Amino acid sequence: MISVVVLGAGNVGSHLVRIMQSVKKVKLVQWYSRDKNSIKSDTKDIELCNDLKNLKTADIYIIAVTDKAIEALSKKLPFENRLVVHTSGSIPLKKIDIKHKRGVFYPLQTFSKSADLEFSEVPFCIETMRKEDSNKLITLAKYMGSPSYMINTEQRQALHLSAVFINNFSNHLYRIAHELSDYKSVNFDVLKPLILETAKKIQSTSPYNAQTGPAKRNDQVTINHHLRTLESHPDYQAIYKQLTNSIKITHGLKKL
Ligand SMILES: NC(=O)c1ccc[n+]([C@@H]2O[C@H](COP(=O)([O-])OP(=O)(O)OC[C@H]3O[C@@H](n4cnc5c(N)ncnc54)[C@H](OP(=O)(O)O)[C@@H]3O)[C@@H](O)[C@H]2O)c1
């Protein structure tokens with residue numbers, strides 16, 4: 001049995017609490033949020049806490065708050081020499097106050113409070129100063145049904161940057177596609193199988209080999225047509241040009 005206190009009630013904190021409540025080998029000791037009222041209605045059988053002075057003893061304290069608040073919150077914790085980890089992709093382990101046993105427990109997935117998530121699809125990137133602490137975090141991930149990897153700060157920051165390209169930028173491209181199809185009264189649902197197939201294909205082939213489309217084919221007629229269509233959206237035209245050039249360079253073709 002591993003005992004845990006979760007600090008933070010945003011997207012990540014809420015999902016961690018939900019999974020920990022459902023796993024027998026994890027004891028959720030407390031859920032800290034600076035505004036207890038914001039989570040009152042979501043919770044039954046969980047001890048809520050909004051005063052750091054009232055935090056109880058646990059094996060692991062998981063700080064799942066906004067990146068810029070991690071350092072200050074870790075300093076304010078009224079104890080020392082306990083395992084305190086954060087869940088950020090970009091914040092160095094050493095930003096956690098030195099009075100603690102420090103660690104990172106970064107879930108490499110996209111979390112929204114409103115969207116369900118299978119924890120078997122949430123790989124945890126683990127970093128600690130001491131082997132016994134990483135063993136605790138590996139065990140915690142295992143109890144939640146999640147894979148885990150030992151990843152140092154530099155590697156984690158590279159993964160986080162990759163995740164921005166994979167998730168945040170792709171999602172923004174979906175949003176542009178949504179707007180363009182809406183504009184011509186086409187239901188976005190028509191495009192959803194393509195979104196799934198794009199993600200599915202790179203499970204078995206490299207993104208380099210999976211590339212298709214007018215840029216890869218060097219099809220200048222289609223590219224020019226698309227650029228003319230986007231004349232009323234200069235931002236999207238600039239993104240189209242930038243990505244087209246990047247694909248062309250990657251595949252050894254001349255830029256626009
Ligand atoms: N969302 C993701 O997809 C994702 C994925 C992997 C890792 N992460 C990481 O997980 C962490 C949490 O992200 P999130 O998406 O859950 O954030 P979020 O939904 O924006 O929630 C942030 C939480 O931090 C609390 N908070 C902010 N400032 C605070 C302070 N000074 N003291 C105490 N609590 C404070 C907020 O409380 P209030 O509601 O009172 O403001 C809220 O509960 C971040 O480090 C993030 O980088 C996020």
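Visitor: What share of contacts at least 6 apart in sequence join residues at least 24 apart?
Guide: In the protein chain, 50% of those contacts do. Two residues count as in contact if their C-beta atoms, placed from the backbone, lie within 7 Å. This is a predicted model: local features need pLDDT of at least 70, side-chain atom pairs count only at pLDDT 80 or more, and totals for chains, interfaces and linings use all residues. Residue numbers start from 1 along each chain as its sequence is written.

Visitor: How many helices and strands does the chain have?
Guide: The protein chain has 10 helices and eight strands. Both are DSSP runs numbered from the N terminus: helices are H or I with at least four residues, strands are E with at least two.

Visitor: In what order do the strands sit in the sheet?
Guide: The order is β3-β2-β1-β4-β5-β6-β7-β8, in an open sheet with mixed pairing. Two strands pair if DSSP finds at least two bridges between them.

Visitor: Which strands stand at the edges?
Guide: β3 (48–49) and β8 (148–150). Each has a single partner strand, so one side of each is left without a neighbour in the sheet.

Visitor: And how do β4 and β5 pair?
Guide: β4 (residues 60–63) and β5 (residues 83–86) run in the parallel sense over four bridges. I60 has L83 as its bridge partner. Y61 has V84.

Visitor: Which helices pack on the sheet?
Guide: Helix α1 (residues 11–22) is one of them, touching β1 (2–7), β2 (26–32), β4 and β6 (101–107). Its direction makes about 150 degrees with that of β2. Axes are lines fitted to C-alpha atoms, for helices over the stretch in contact, and angles run from 0 to 180 degrees between N-to-C directions. Helix α5 (residues 153–183) also packs there, touching β6 and β7 (124–128). The direction of α5 makes about 155 degrees with that of β7.

Visitor: Back to β5. Are its residues buried or exposed?
Guide: L83, V84, V85 and H86 are all buried. L83 and V85 point one way from the strand, V84 and H86 the other way. Buried takes 20 or more other C-beta atoms within 10 Å of the residue's own, exposed 12 or fewer, and partly exposed falls in between; C-beta atoms are placed from the backbone.

Visitor: Why does R34 count as partly exposed?
Guide: Because R34 has 15 C-beta neighbours inside 10 Å. R34 is in the loop between β2 and α2 (37–40).

Visitor: Where are the domain bounds?
Guide: Domain 1 is 2–151 and domain 2 is 156–250. The bounds come from an automatic or database domain assignment. The C-alpha centres of the two domains lie 35 Å apart.

Visitor: How many residues does the contact take from domain 1 and domain 2?
Guide: Nine from domain 1 and six from domain 2. On the domain 1 side, β6 and β7 are the elements that give two or more residues.
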